[in-house]
Amino acid sequence: MTAPARTTVPAARGPMAEAWDIFRRSPAAMLGLLLLGLVILMTVAGPFLYQVDPFEIVWAPLTPPGEEATIPLGTDNLGRDILAGLIEGGRATLAVGFSAALITMLIGVVIGAYAGFYGGFVDDMLMRVTEFFQVLPPLLFAMVVVTLFQPTLINVALAIGIVSWPQTARLTRSEFRRIRTLEYVSAMRAVGAGDGNIIWRVILPNALPPLIVSATLTIGMAILFEAGLSFLGLSDPNVMSWGLMIGTGREYLLDAWWVVTLPGTMIFLTVLGISLVGDGLNDAFNPWMRER
Amino acid sequence: MFKAILRQLLYVAALILAVLVLNFLLIQLAPGDPAEVIAGEMGGANAEVMAAIREQYGLDKPVLTQLALYLGRALQGDLGTSYFYNRPVAELILSRLGPTLLLVATALAFALIIGTRLGMLASRNPRGIASALVTVLSLVGYSAPVFWTGLMLVILFGATIPLFPIAGMIDVVKQGGPLGRALDIAHHLVLPALTLGLVYLAQYSRLTRAAMLEVLGADYIRTARAKGVSERQVFGRHAFRNALLPVVTVAGMQFGTIISGAVLVETVFSWPGLGTLAFQSILARDYPTVMGILFFSTLIVIIANLLTDFISRLLDPRLAGGR
């Protein structure tokens, strides 16, 4: 008997490392990551580099960008610094966007997981609830909730989460229905693993890729949602946000384009970054779907 | 078949009931006196009106009795009174329904017709110009807030190239017969419908492209080609008809978000529909109107879902026999 020939086996790589490899090679995805990074950097580091209170009146109202050296992006209808508003406003917008997406994922994944795993009566009941929330026009429902209760950042995030979870629940459910019939799940059951264990430790990690993509897109959607609510004047009036800036600048639109164009561009670039990252993640997790 | 329809109707009835219960719960859960919520904060309701509301809604009675009273009234079409507009809410909503439906239908038709064509064009060459256009369009359509796109169009067409009116539905100054009136409304409709339609145009073109690429790989397309069907026929009939199904399903499922988009677009262009009414009544804290609009738009979504179901069955005979 001879010893087996030694071959160099490439180090085993996890699926996440492989996905990152694909992600990294997509220029669109990297552009998205860059955009998102810049926006986050601006909102985090901005307040230290540019110390102007966004609510303070600093100059004549509606000063165009570039006219006054100390106020690079001009002022709004009250004479408040637009650049300071963009920096400060990004924080509220991103915070609401991320927390709303978190709430959406929490509700959606739990309901979808139970519906998909148990099937039958549990599934029927949970899906009826999901369908009910799906017929509510999201923005109108959020408008009602925010008006009846106080328009604090938490309530806004909650309202967005409550109207957005059905899609996540449906996606989670279909993933769970697919995975629960696979052999390794039966194997776990044969070993005596409990339902909770199988749901959260066995199926969920395997259902993660599409859920991560969906979570990314949910953040983008939540940011647009928050912007819409604050545009209508339904967000916390004491917190600067991009949507609020557009809402207040709207009346001066024809005399002062910059008041609405600049914060809108920020929202656009942020959500664009997020959706590019989402598309990149989608391609990275499903390489065979790339043609679409 | 009859049984299926009956089941559908029961299901719809249950949904409507659930929406009403939700409305009732929201009023109960809101901080403060429910009578105040029903009257609306700035409705100018005096002590007399408040007493009448307490009496009418049975606010001194147990919660379940209140719920029964509320449901009974709502099912008779009584959605309460707007003390801000001093009119019954149902009447107020019906007077604003037309413009909203006109806006939504136009935007949807525009998005569906152009979007599916564009998607089909793009599917002919997955790496061609049309495909690139669809990709860019869908990214922009997804990422730009709809109200902002509207405001940008206002700047473009209000200040730079004044081609289309940027506010309202009818020019008061303009005279003319019914035709002149229709043309005037159509002229005002261009920008709001374009704004709302662009979002969905972007989605439907991407969806059509993906569906076409999937369908074109199917066996029956190969069969059609093998038996000598012209490429035009393969694309236009065999593939397109089948690719349309997911688009119609998504369009129907999205009706709620389309109405939400309409709220924002109407606010931007002062379009006199349900959206502006919702916005104004929220500013006025006119809760009965706001709740009424929520209920009514949910009804519209339910009806739209039923219609989508019906259209899907027409498009795909396999669905017709029930599942």
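Helices are DSSP runs of H or I with at least four residues, and strands are runs of E with at least two. On that basis chain A of this predicted model has 10 helices and zero strands, and its pattern along the sequence reads α-α-α-α-α-α-α-α-α-α.

The table sets out some values for the two chains.

| Chain | Residues | Buried share | Extent along principal axes |
|---|---|---|---|
| Chain A | 292 residues | 47% | roughly 90 × 55 × 35 Å |
| Chain B | 323 residues | 39% | about 80 × 55 × 40 Å |

The contacts within each chain can be described by how far apart the partners lie in sequence. In chain A, among contacts with a separation of 6 or more, 71% are between residues 24 or more positions apart. In chain B, 72% of the contacts between residues at least 6 apart in sequence join residues that are at least 24 apart.

Chain B is divided into domain 1, covering residues 2–75, and domain 2, covering residues 96–284. The centres of domain 1 and domain 2 of chain B, taken over C-alpha atoms, are separated by 36 Å.

Where the two chains meet, the contact takes 33 residues from chain A and 39 residues from chain B. Several elements of chain B give two or more residues to the side that touches chain A, among them helix H1 (2–29), helix H8 (178–216) and helix H12 (274–283). Helix H13(B) gives the most to this side of chain B, with nine residues. By residue class, the side of chain B that touches chain A divides into 30 nonpolar residues, nine polar residues and no charged residues.

The largest nonpolar core has 154 residues, of which A:Leu140, A:Ala142, A:Met143 and B:Ala278 touch the most other members. Helix H3 of chain A, residues 82–118, supplies the largest share of this core, with 16 residues. From chain B, the core draws at least three residues from each of domain 1 (2–75) and domain 2 (96–284).

Which residues is B:Ala278 in contact with, leaving aside its neighbours within four places in sequence? In chain A, the partners of B:Ala278 are A:Leu140 and A:Met143, both of which are named with B:Ala278 among the residues that touch the most other members of the core. In chain B, the partners of B:Ala278 are B:Val263, B:Val290 and B:Ile293.

How values were computed. Residues numbered from 1 in each chain as written. Chains lettered and ligands numbered in written order. Predicted model: local features only at pLDDT ≥ 70, side-chain atom pairs only at ≥ 80, totals over all residues. Contact = placed C-beta atoms within 7 Å. Nonpolar A, V, L, I, M, F, W, Y, C, P; charged D, E, K, R; others polar. Domains from an automatic or database assignment. Buried ≥ 20, exposed ≤ 12 C-beta atoms within 10 Å, placed from the backbone. Core = buried A, V, L, I, M, F, W, Y, C linked by C-beta atoms within 7 Å.
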